[in-house]
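Biologist: Please pick a single part of this model and take me through it closely, one piece after another.

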Amino acid sequence: MKDTMLDKLQKFGLNLYEAKAYSSLLKIGTANAYKISKESGIPRARIYDVLESITKLGLAMVEESSDNVKIYTPVPSKIFLERIKKEWESDYEEVKSDLHDLEAEEKKQEIYVFTVKGKENITAYCRQLIKEASQYVMISMWSQMYELLLLELEECKNRGCNVLGISHDIDNPMEGIEKHFGGKTHNMPENMHWFVLSADGKKLLYGYSVEIEKDAFYTEDTSHIYLMEDYILHDMVVNHFIESEEDRSKMVRIMQEIVSKVNR
């Protein structure tokens, strides 16, 4: 369900009544408490407290008329939003620094592998790893995953970072990513696609492709990274030795024979 404007204002730290009062005041302009209560739907028994609250928050200005009636004027939305933006940016930088310090603490327990769940989280992790890479990104993946990450991979290459690896069912992969010869077989029951993404040999994410909506796994453990990168490099080397259709057919037969022995 899409958030309403009032929902979004509450994310800025206002409660529901404060959000209603400020938005109503912006709509009608300068007004007394009675008009604001009628427009906003805030009970008259609460309206004065709410108006006092948004005045203290800097969202409204108040003055008394000649007959001692308080008149309220909204602070322009542009001023309010600019203030909120600056406060958010300041808080963001402070929290970012604090969280980084927590991560860098020597006392933290070393985690070798942890699970990443959900399509959005897995995609976000992949994109972040690519953005952080300074030397190289190594991948093995199918078309759905590749298309999701193509923009970040291109940006990585444009800033001088090497992008290399193996692609499966991708018609025109970018330079450095080789098309697999087509003999990849495995014994997963539903023939599910997977992916591997390694950044600078320091961070690794691997698991099921996001369209399958299963888990992926993140690690900074050098043993995991070495094995996965070696797996990709092996596929790349095999590719270079397979030039003809006869070579490919022979390789497929060999792989099928090996798989059949494993499954006995």
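**The sheet and its helices**

Modeller: Leucine 102 is found in helix H5, residues 77-103 (helices are DSSP runs of H or I with at least four residues, strands runs of E with at least two, numbered from the N terminus). The model is predicted, so local features need pLDDT of at least 70 and side-chain atom pairs 80 or more, while totals for chains, interfaces and linings use all residues. Residues are numbered from 1 along each chain as its sequence is written, and side-chain values use heavy atoms, without hydrogens or water.

The part I pick is an open sheet of seven strands with mixed pairing, in the order S4-S10-S9-S8-S5-S6-S7 (pairing takes at least two DSSP bridges). S4 and S7 are its edge strands, each pairing on one side only. On average, neighbouring strands are turned by 15° against each other, direction ignored (axes are fitted to C-alpha atoms, for helices over the stretch in contact, and angles between N-to-C directions run from 0 to 180 degrees).

Starting from S4 (residues 113-116), antiparallel pairing with S10 (residues 216-219) covers four bridges; valine 113 has threonine 219 as its bridge partner. S10 also pairs antiparallel with S9 (residues 203-208) over four bridges, where leucine 205 stands opposite tyrosine 218. S9 and S8 are antiparallel over six bridges, with phenylalanine 195 bridged to glycine 207.

Helix H6 (residues 119-132) packs on this sheet, touching S4, S5 (136-142), S8, S9 and S10, and its direction makes about 150° with that of S9 (contact means heavy atoms within 4.5 Å). Helix H7 (residues 143-158) lies across S5, S6 (162-168), S7 and S8, at about 165° to S5.

Histidine 193 is in the loop between S7 (177-179) and S8 (194-199). Beyond its neighbours within four places in sequence, histidine 193 has contacts that include Trp142, Gln144 and Tyr208.
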